[in-house]
Amino acid sequence: MPISPDQAQEIADARSQQNTTMRATVPGMEAHLYTAHEVLDHGFIRVIDYMGDDSAICQAARVSYGKGTKSVQNDEGLIRYLMRHWHSTPFEMCEIKLHVKLPVFVARQWIRHRTANVNEYSARYSILDREFYIPAPEHINAQSVVNNQGRGKILEGEEAARVLEILKADSTRAYDNYEAMISDDGQDGLARELARMNLPANIYTQWYWKVDLHNLFHFLRLRADSHAQYEIRVYADAICKVVADWVPAAYSAFEDYRLGGAQLSGKAVDCVRRMLKGEEVTQETSGMSKGEWREFQGVLKA
Ligand SMILES: Cc1cc2nc3c(=O)[nH]c(=O)nc-3n(C[C@H](O)[C@H](O)[C@H](O)COP(=O)(O)OP(=O)(O)OC[C@H]3O[C@@H](n4cnc5c(N)ncnc54)[C@H](O)[C@@H]3O)c2cc1C
């Protein structure tokens, strides 16, 4: 169950309150405030707070680049210019604070993004819930044969059933033992900070995660990408939808230049120029390695 009854009540209470403010607000984001968007089997993301909008990005850019921005009159054009030229600080003027519930193995990937502020649920202080990520059958795959860091075909039949059974049984047994160790019924009870060491990495944790828009885009570019592991990608996809409602012009530029765009090396640009002149360029004549050539072909043919 992603949202507990207590949390649902907390969300309803928070959403029933109205505050007046002179600060800029975004209707699309006000609709998201506090609401939980479910991710995986027990996870969610929800917006706790935000600061800034598309105008805040332009306002900062116009202060900082002054006359340089005069040629770009409208906000959307300015934002596209900033994104195209990798200007970062105007995007840092916007901030978002999310409440995220996620499996620990996803949290380990997520926490590598250091340019954010985090406050995590304390499993020293509190007892973790009996909630484990058990993949849906269509997300239980074999090891990829072409990419060491990926998954291949979906497991089927008896093997899939066995894997699911192992995941469920191990999670249950580990949590039963966790409860047995911390129990103070007829015994002292092991400290929570020690008992947790026996829990598997598919148990859920929660944190508040605050990040500025520039670093959020960096996170989303890496984690909403097809190379990212499915279990973190679904969180990134959910955040993308929120960001699209928060800063539509910035998100549209990000989608175009970063998610949909491609970066070409000097050799790749040279190959494109030769191809445009009618030359038949091959991997052998491109000067690129096999891997580079494969990725270049992916950009051209996708
Ligand atoms: C598909 C994929 C596979 C990955 N595989 C692995 C793996 O096998 N092993 C592994 O260990 N990691 C792996 N990672 C994690 C990856 O190497 C990065 O740690 C992670 O993506 C965070 O990126 P970042 O450091 O740019 O982000 P952030 O920490 O948010 O930093 C953003 C930017 O700020 C700057 N910055 C932040 N901190 C510093 C600093 N201390 N010094 C200098 N500059 C700084 C850098 O320019 C950085 O790019 C993988 C990531 C992805 C997306």
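This is a predicted model: local features need pLDDT of at least 70, side-chain atom pairs count only at pLDDT 80 or more; totals for chains, interfaces and linings use all residues.
Visitor: Which residue has a polar side-chain atom 2.5 Å from an oxygen atom of the ligand?
Guide: Two side chains come into question here. His-218 places a polar side-chain atom 2.6 Å from a ligand oxygen. The 2.5 Å value belongs to a polar side-chain atom of Thr-115.

Visitor: What share of the ligand's area does the protein bury?
Guide: The ligand alone exposes 940 Å². With the protein in place, the buried share is 48%.

Visitor: What is the strand order of the open sheet?
Guide: The sheet has 5 strands, paired antiparallel. Strand 1 (36–39) and strand 4 (117–120) are its edges, each pairing on one side only. Neighbouring strands are turned by 20° against each other on average, direction ignored. The order reads 1-2-3-7-4.

Visitor: Which residue of the hairpin of strand 1 and strand 2 takes a positive phi?
Guide: Strand 1 and strand 2 run antiparallel, joined by 4 bridges. Val-39 has Gly-43 as its bridge partner in strand 2. The hairpin has 3 residues between the strands. The positive phi, near 55°, is that of Leu-40.

Visitor: Which residue in strand 3 stands opposite Asp-49?
Guide: Strand 2 covers residues 43–51, and strand 3 covers residues 95–103. The two run antiparallel, with 7 bridges between them. Opposite Asp-49 stands Lys-97.

Visitor: At about what angle to strand 2 does helix 1 run?
Guide: Helix 9 (residues 230–246) packs on the sheet, and its direction makes about 30° with that of strand 2. Helix 9 touches strand 1, strand 2, strand 3 and strand 7. Helix 1 (residues 5–16) lies across strands that include strand 7 (204–212). For helix 1, the angle to strand 2 is about 25°.

Methods. Residues are numbered from 1 along each chain as its sequence is written. Side-chain values use heavy atoms; hydrogens and water are left out. Two strands pair if DSSP finds at least two bridges between them. Axes are lines fitted to C-alpha atoms, for helices over the stretch in contact, and angles run from 0 to 180 degrees between N-to-C directions. Contact means heavy atoms within 4.5 Å. A polar contact is a pair of N or O atoms within 3.5 Å; within protein, one must be able to donate a hydrogen and the other to accept it, and residues adjacent in sequence count only if both atoms are side-chain atoms. Accessible areas come from the Shrake-Rupley method with a 1.4 Å probe; for residues, only the protein chains shown count as cover.
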